[in-house]
Amino acid sequence: MARPMTTWGAMASPRYLVSSWPWRSYAYLFTSVPVGAVTIAVLGGIAAVSALLSPILIGILLIAMFPLIGVVIGRVERWRARLVLIDGISSPHATIPESLSLREKLKFRRREQASLRALGYGFVLGVFVWPLSALVAGVSATILGITLAAPVIADGDQMGMGPWILDSAQEGFIFLLCFGPVFYVLSSYLLGVFAGAEAALAKVMLGPRQDELQRNLAELRRSRLDLVDAFETERARIERHLHDGVQQRLVGLTMTLGLAELDLPEGEGKRLVVKAHTEAEAALADLREAVRGIHPRVLVDHGLEAAVLEVADRSPLPVNVQLTLPSRLPPPIEAAAYFVVSEALANVAKHAWASSCDVTGWVERDRLVIMITDDGVGGARTGAGTGLIGLVTRLDALGGTLDIDSPPGGPTRLRMECPCRLGD
């Protein structure tokens, strides 16, 4: 059974009464009391001081601070709501650029609609919500506590409980057994209703609106694109360092060893130089292959189609390539598509036992679509050690998808889709 995420969902479960949810409701309602009282005291105090100092500048500045107080109220209430909302309440505030000064950040936050809504919720909490929470939770806790203590209280003195007079510990114990469970059930569901209603009100007033959700999603996508761009920049830097530095040194080393090989007479010394020359050439070949995999030069210079053709030519099995692209695409999109094709062909060669493979690509409704199909044994999955998990994350940051259809016995079809513009 799935874990309940809210009080309402918990009350629908038969395990509600033996779970922590009734006590979560108690905690949520009881913490409303000090938070609400402090909130209305602070708001009332600042309003009074502002009214007294309104003829001077300080009073006007205090009035302008009210939305910032709303920001604090919203943060506290979203944290407190986790008692009865497992996922909490998402923040409706926009991300403030770090380049802004403290004054600009406060000005930005003060002008947000979310800050004003939180201020309004603080007023509702301080005037209406916390007295009702105190009444419901206080009366419930008091009656429950007296019921549990009835055997002890009735043992020393008479104890009136509605129409009954308890004057012994035995009568108090009978009363506890008869009415304690009934009251616990009724109070638990009553508290759950009130706590759920208060949390729902907080979520409506403190949660993000539709436009704020879209803005937050756009900011998340933009930050992920920045990470992708930074990753591509770092790859290019590493490729330049290896190509222009380490690779050139190895080329020079192989040339020097070749010259030394020609000049040395036959013997143990020449044999060692020949061996070193062979190892240096092998290391140079490995380095060139690594550089090509880090940031293929053909992709930068000639585009996706030429790069895919080069990968297909290096494949140990026949690969038919048919790419129809009207123009060059943004570098992050070309790089993502290239590495999807490269990884897919590598997996086909290693695991698929295929005899051939087809790579097709086209642009459909301003989206790049690439399909890799092989006639192998099938059974491929994204998370089965195929090396495609990181590519799925990269495509997701670009707004793309990667789907695999690979039934046992084949064929395997890998389909990649990605917008042709980063702004999408």
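**Close-up views of a predicted model**

**View 1. The whole chain.** The protein chain has 14 helices and 7 strands; helices (H or I, at least four residues) and strands (E, at least two) are DSSP runs, numbered from the N terminus. This is a predicted model: local features need pLDDT of at least 70, side-chain atom pairs count only at pLDDT 80 or more, and totals for chains, interfaces and linings use all residues. Residues are numbered from 1 along each chain as its sequence is written, and side-chain values use heavy atoms, leaving out hydrogens and water. Of the 424 residues, 38% count as buried. Buried means under 20% relative accessible area, exposed over 50%, and partly exposed in between (1.4 Å probe, protein chains only).

**View 2. Salt bridges of E417.** A salt bridge puts a side-chain nitrogen of Lys or Arg within 4 Å of a carboxyl oxygen of Asp or Glu. E417 forms one with R367, with the closest N and O atoms 3.3 Å apart. E417 lies in strand 7 (residues 412-419) and R367 in strand 5 (residues 367-374), so the pair ties together parts that are 50 residues apart in sequence. R367 is partly exposed, at 25% relative accessibility. E417 also meets R415 in a salt bridge (2.9 Å, N to O).

**View 3. The pair E364 and R365.** Their salt bridge brings the closest N and O atoms to 3.4 Å. E364 is partly exposed, at 29% relative accessible area. R365 counts as exposed, at 74%.

**View 4. A linked trio.** Salt bridges join E77, R80 and E198 in a network. The whole structure holds 8 salt bridges.
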